[in-house]
Amino acid sequence: MDLHTLNTLNYEEFFEHFGNIVEKCPLISGAVWSRRPFSSALELESSVYEFIDSLPSSGQEGILRCHPDLAGKELISRTLTQESMKEQNQAGLTSLSQSERETLTLLNSQYKLKFGFPFVICAKMSDKNKIIEALRSRIQNDRVEELGTGIAEVKKICHLRLQDIFFKTCPTRL
Ligand SMILES: NC(=O)N[C@H]1NC(=O)NC1=O
């Protein structure tokens, strides 16, 4: 997508392209649309991050709670969003052994019990072994630290989703 197209999208079209740059949080794209015109893709990305950073911690926790578990029930029932499916597949989470799946399920539920939100990590920048390792380590953190880490991972996921949108069709445009 080129800059001119980006800046001429009405909000319905904007939703179609950018509605899931933050998992199941179309409200964020709805809010950021008002910041047009964008001078670059980077400016759009910064607007998303500013919006997220301006939320109270309850709002940031809400963003984390919109994320599906890694290798969780949505993957098994094939109800993940397209983006999340690709990311989990790329990290090797669609081909886990039974014991890897059991380990991940147990750690995910211990994590949720401790923090009240799911463990979030940018799966595309990781793999199944690193994810299990990160879960084991991050579960030791305190809640404030984990909220910050989870939101930093949401931004990495968003960055890669935006890159996909901007560079998939024409790598030289923005
Ligand atoms: N729980 C969790 O991290 N989920 C997300 N991670 C990612 O890369 N895609 C997701 O849906």
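Colleague: Which residues in α4 meet which residues in α10?

Modeller: Please keep in mind that this is a predicted model. On the α4 side the contact is made by Ala 41, Glu 45, Val 48, Tyr 49 and Ile 52, and these meet Ile 151, Lys 155, Cys 158, His 159, Leu 162 and Phe 166 in α10. Sorted by class, the contact of α4 with α10 holds 8 nonpolar, 1 polar and 2 charged residues.

Colleague: At what angle do helix α4 and helix α10 pack, and how far apart are their axes?

Modeller: In general, a pair of packed helices is described by two quantities, the angle between the axes and the distance between them. Here helix α4 (residues 41-54) packs against helix α10 (residues 143-167) at an angle of about 155°, and their axes are 11 Å apart. Since angles over 145 degrees count as roughly antiparallel, α4 is therefore roughly antiparallel to α10. The crossing in which α4 passes α10 is right-handed.

Colleague: How are α5 and α10 oriented to each other?

Modeller: Helix α5 (residues 57-65) and α10 pack at an angle of about 55°, with axes 10 Å apart, and the two helices are therefore oblique to each other. In this case α5 passes α10 in a left-handed crossing. From α5, Ser 57, Gln 60, Glu 61, Ile 63 and Leu 64 meet Leu 147, Gly 150, Ile 151 and Val 154 of α10, and the residues of this contact divide into 5 nonpolar, 3 polar and 1 charged.

Colleague: Which residues come nearest to the ligand?

Modeller: Of the 15 residues around the ligand, the nearest are His 67, Ser 84, Glu 87, Val 120 and Ala 123. By class, the shell around the ligand has 9 nonpolar, 2 polar and 4 charged residues.

Colleague: How many helices and strands does the secondary structure of the protein chain come to?

Modeller: The protein chain has 10 helices and 0 strands. Its radius of gyration is 17 Å, close to the 16 Å that the globule rule gives for 174 residues, so the chain is as compact as a globular protein of that length.

Note on methods:
Residues are numbered from 1 along each chain as its sequence is written. This is a predicted model: local features need pLDDT of at least 70, side-chain atom pairs count only at pLDDT 80 or more; totals for chains, interfaces and linings use all residues. Axes are lines fitted to C-alpha atoms, for helices over the stretch in contact, and angles run from 0 to 180 degrees between N-to-C directions. Helices (H or I, at least four residues) and strands (E, at least two) are DSSP runs, numbered from the N terminus. Angles under 35 degrees count as roughly parallel, over 145 as roughly antiparallel, 65 to 115 as roughly perpendicular and the rest as oblique. A crossing is left-handed if the near helix is turned anticlockwise from the far one by less than a right angle, and right-handed if clockwise. Two residues are in contact if their C-beta atoms, placed from the backbone, lie within 7 Å. Ala, Val, Leu, Ile, Met, Phe, Trp, Tyr, Cys and Pro count as nonpolar, Asp, Glu, Lys and Arg as charged, and the others, Gly among them, as polar. A residue is near a molecule or strand if its C-beta atom, placed from the backbone, lies within 6 Å of it. The radius of gyration is taken over C-alpha atoms; the globule rule is 2.2 Å times the number of residues to the power 0.38.
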